[in-house]
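Visitor: Hi, could you walk me through this model? I'd like to start with the aromatic rings and then move on to the core.

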Amino acid sequence: MPPPAGIAAWTVQDVCEWLDRACRGKFGDAKTDHYKALVMEHDVDGETLADAGSDELSALGITSFGHRHFLIKQLQSLRAAEQGQQGYPGGVGMGDPSTVQGAYGTHQFRVPAG
């Protein structure tokens, strides 16, 4: 579970702890530890992380497209949870039938009128 404060209030250490939880199982020990070292070296706190996209993650030193993509999806889930928009896993988003929460993030669909 993320620290109690919103992502923007996270410290560098909070970001490292999130990387441990979010990535170790997918990336393994060596890559996760390397990414944590990059976060510490470049002082990436929650405010910076919250605005990070593929270009920023690449500039940070995360060269794998697949890893950047995974991290962005994890960040999108965090942002959605913070905004109270987290849908049921694999189901319909809460209160909005055009939103589906799936394994790869939240997807918006056009719902025809009428």
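Guide: Here is a short tour, taken topic by topic. This is a predicted model, where local features need pLDDT of at least 70, side-chain atom pairs count only at pLDDT 80 or more, and totals for chains, interfaces and linings use all residues. Residues are numbered from 1 along each chain as its sequence is written, and side-chain values use heavy atoms, with hydrogens and water left out.

Visitor: Great. How many aromatic pairs does the structure hold?

Guide: There are three aromatic pairs. Rings of Phe, Tyr and Trp (its six-membered ring) pair if their centres lie within 6.5 Å; planes under 30 degrees apart count as stacked, over 60 as edge-to-face and the rest as tilted. One of the pairs is Phe 27 with Tyr 35, edge-to-face at 5.7 Å centre to centre and 85 degrees between the planes.

Visitor: And why is the pair of Phe 27 and Phe 70 edge-to-face?

Guide: Because the planes of Phe 27 and Phe 70 are at 70 degrees, with the ring centres 5.3 Å apart. That pair links distant parts of the chain, since Phe 27 is in helix H1 (residues 12-41) and Phe 70 in helix H4 (residues 65-82), 43 residues apart. Helices here are DSSP runs (H or I, at least four residues), numbered from the N terminus.

Visitor: Switching topic: which residues have the most contacts inside the largest nonpolar core?

Guide: Trp 18 and Leu 71, in a core of 22 residues. Such a core is a set of buried Ala, Val, Leu, Ile, Met, Phe, Trp, Tyr and Cys residues joined through side-chain atoms within 4.5 Å. H1 gives the most to this core, with ten residues.

Visitor: What does His 67 touch?

Guide: Not counting residues up to four places away in sequence, His 67 touches Phe 27, Lys 31, Tyr 35 and Ile 62, where contact means heavy atoms within 4.5 Å. Its side chain also makes a polar contact with the side chain of Tyr 35 (2.6 Å). A polar contact is a pair of N or O atoms within 3.5 Å; within protein, one must be able to donate a hydrogen and the other to accept it, and residues adjacent in sequence count only if both atoms are side-chain atoms.

Visitor: Last one: what comes just after H4?

Guide: Gly 84, which takes a positive phi of about 70 degrees.

Terms used: Helix = DSSP H or I, 4+ residues; strand = E, 2+ residues; numbered from the N terminus. Buried < 20%, exposed > 50% of the residue type's maximum accessible area, 1.4 Å probe, protein only.
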